[in-house]
Amino acid sequence: MDLKTLYREIVNEHNLHPGHKGDLPAPTHIKQGVNPTCGDDIHLQLAIDGEGVITAASFNGSGCAISQASADIMLDLIEGKTKEEALAFADAFLAMVRGTATDEQRELLDEAAALEDVAHMPARAKCATLGWHTLEKILRGEE
Ligand code: ZN
């Protein structure tokens with residue numbers, strides 16, 4: 001299996017069997033992210049404890065395979081991490097999309113690096129980054 005096939009499999013798997021899709025029982029943060037050009041609409045839900053640790057994370061909503069898979073992979077990475085660690089993932093992912101990621105950032109991204117080819121297609125970049133931008137807004141406290 002070549003790398004591109006493997007990456008397609010990762011995206012398919014997260015799209016068909018998302019591990020983080022659904023509603024959290026007690027989210028502390030909920031934010032909607034919309035990508036009108038594709039019709040992606042996600043509601044990101046995080047439970048962040050008093051220590052700043054993301055104890056649970058989920059998303060709901062509808063959208064294309066790329067937006068859904070990217071959000072699911074993202075939540076795999078950030079669940080159990082601190083807000084600072086989660087922001088480092090977001091910085092790394094957004095740098096990858098811009099083509100400026102360092103080797104350390106690529107390594108950090110793990111499965112999310114599967115979205116690199118997709119993210120370089122202008123029409124799909126907004127799908128791939130939707131969840132990440134929404135995450136960033138929650139963590140930075142932006143509206
Ligand atoms: Zn999309």
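The structure is a predicted model, in which local features need pLDDT of at least 70, side-chain atom pairs count only at pLDDT 80 or more, and totals for chains, interfaces and linings use all residues. Residues are numbered from 1 along each chain as its sequence is written, and side-chain values use heavy atoms, without hydrogens and water.

The zinc ion is coordinated by C38 (SG), D40 (OD), D40 (OD), C64 (SG) and C127 (SG), at 2.2 to 2.7 Å. Donors here are N, O and S atoms within 2.8 Å of the metal (3.2 Å for Na, K and Ca); water is not among the atoms, so sites may look incomplete. The donor residues follow the spacing C-x1-D-x23-C-x62-C in sequence. D40 has 1% relative accessibility, so D40 counts as buried. C38, at 35%, counts as partly exposed. Buried means under 20% relative accessible area, exposed over 50%, and partly exposed in between (1.4 Å probe, protein chains only).

Helix α1 (residues 3-16) packs against helix α2 (residues 65-78) at an angle of about 90°. Their axes lie 8 Å apart. The two helices are therefore roughly perpendicular, a term that covers angles of 65 to 115 degrees. Axes are lines fitted to C-alpha atoms, for helices over the stretch in contact, and angles run from 0 to 180 degrees between N-to-C directions. Helices (H or I, at least four residues) and strands (E, at least two) are DSSP runs, numbered from the N terminus.

W132 is in contact (heavy atoms within 4.5 Å) with residues including S70, M74 and F93, leaving aside neighbours within four places in sequence.

Methods: Angles under 35 degrees count as roughly parallel, over 145 as roughly antiparallel, 65 to 115 as roughly perpendicular and the rest as oblique.
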